[in-house]
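Work through the following exercises with the sequence and the model open. Each task is followed by a solution in steps.

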Amino acid sequence: MKTHPEGSSTPRRSSRASSKGRPSDRARQSRQQLERRLAVSVGEEARSARMRAGLTQADVAERIGIAAEVYGRMERGKMMPSVPTLFRLCLALRLSADVGLGLVTAASVGAALWEEDSRDKDHLPEMRRLLRTLRRMSRGQLKLVNQVAAAILPQR
């Protein structure tokens, strides 16, 4: 146990331990980027559905109970609606929530719309699970997994 310079015997926490549980800058940036893409997706789909319905932004805003200016920002992808507002939006525009959130597009392209674009995917939960599993494997099992992974990756 380390002591403070004043001589007390209270344990010191390292800077590494004190940051445990908080997202790293990279994870925070990744989440912000995902939220921006999600806001843009919702806005684009809302605009498309509104135009198909022949409505103005003011019409939709009135139907869902928000200010027209707020609806305009949302449609431009500058903000995300709350869940209740998104629900009312989907009802008012007869817009499927999975289409509005980009889930249909994501599913049709293998979820690439929402996956991390960077090559560094160490912070993804799937990667951490995979690494935990790989650490328990024997050398022969690792060799086999590597061969399978090489076989399913697209050739470059």
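**Exercise 1. Decide how helices α2 and α5 are oriented to each other, and list the residues that join them.**

Step 1. Two packed helices are described by the angle between their axes and the distance between the axes. For α2 (residues 25-53) and α5 (residues 83-93), the angle is about 25° and the axes lie 10 Å apart. The axes are lines fitted to C-alpha atoms, for helices over the stretch in contact, and angles run from 0 to 180 degrees between N-to-C directions. Helices (H or I, at least four residues) and strands (E, at least two) are DSSP runs, numbered from the N terminus.

Step 2. Angles under 35 degrees count as roughly parallel, over 145 as roughly antiparallel, 65 to 115 as roughly perpendicular and the rest as oblique. Helices α2 and α5 are therefore roughly parallel.

Step 3. The crossing of α2 past α5 is left-handed (the near helix is turned anticlockwise from the far one by less than a right angle; clockwise would be right-handed).

Step 4. On the α2 side, V42, A46, A49 and R50 make the contact, and on the α5 side L86, L89 and L93 do. Contact means heavy atoms within 4.5 Å. Sorted by class, these residues give 6 nonpolar, no polar and 1 charged. Ala, Val, Leu, Ile, Met, Phe, Trp, Tyr, Cys and Pro count as nonpolar, Asp, Glu, Lys and Arg as charged, and the others, Gly among them, as polar.

A note on the source: this is a predicted model, in which local features need pLDDT of at least 70 and side-chain atom pairs count only at pLDDT 80 or more, while totals for chains, interfaces and linings use all residues. Residues are numbered from 1 along each chain as its sequence is written, and side-chain values use heavy atoms, with hydrogens and water left out.

**Exercise 2. Find the buried face of α5 and say what covers it.**

Step 1. The buried residues of α5 are T85, L86, L89, C90 and L93. Buried means under 20% relative accessible area, exposed over 50%, and partly exposed in between (1.4 Å probe, protein chains only).

Step 2. Viewed down the helix axis, the buried residues of α5 fall within an arc of 140°, so they line one face. The arc is that of the directions from the helix axis to the C-beta atoms.

Step 3. V83, F87 and L91 are exposed, on the face of α5 turned away from the buried side.

Step 4. The cover over the buried residues includes α2, α3 (57-64), α4 (68-75) and α6.

Step 5. A92, also in α5, is partly exposed at 23% relative accessibility. Apart from neighbours within four places in sequence, A92 contacts R63 and I64. The C-alpha atoms of A92 and V60 are 7.1 Å apart, although 32 residues separate the two along the chain.

**Exercise 3. Describe the backbone and setting of R94.**

Step 1. R94 sits in the loop between α5 and α6 (97-100). With a relative accessible area of 81%, R94 is exposed.

**Exercise 4. Work out how α4 packs against α2 and against α3.**

Step 1. The axes of α2 and α4 come within 7 Å and cross at roughly 115°. That makes the two helices roughly perpendicular.

Step 2. Y71, M74 and E75 of α4 meet A39, G43, E44, A46, R47 and R50 of α2. This contact has 4 nonpolar, 1 polar and 4 charged residues.

Step 3. Between α3 and α4 the angle is about 110° and the axes are 8 Å apart. This pair too is roughly perpendicular.

Step 4. Here A68, Y71, G72 and E75 of α4 meet Q57, A58, V60, A61 and I64 of α3. The classes are 6 nonpolar, 2 polar and 1 charged.

Step 5. R73 is also in α4 and is partly exposed, at 37% relative accessibility. Not counting residues up to four places away in sequence, R73 touches K78 and M79.

**Exercise 5. State the make-up of the whole protein.**

Step 1. The protein has 9 helices and 0 strands.

Step 2. Of its 156 residues, 20% are buried.
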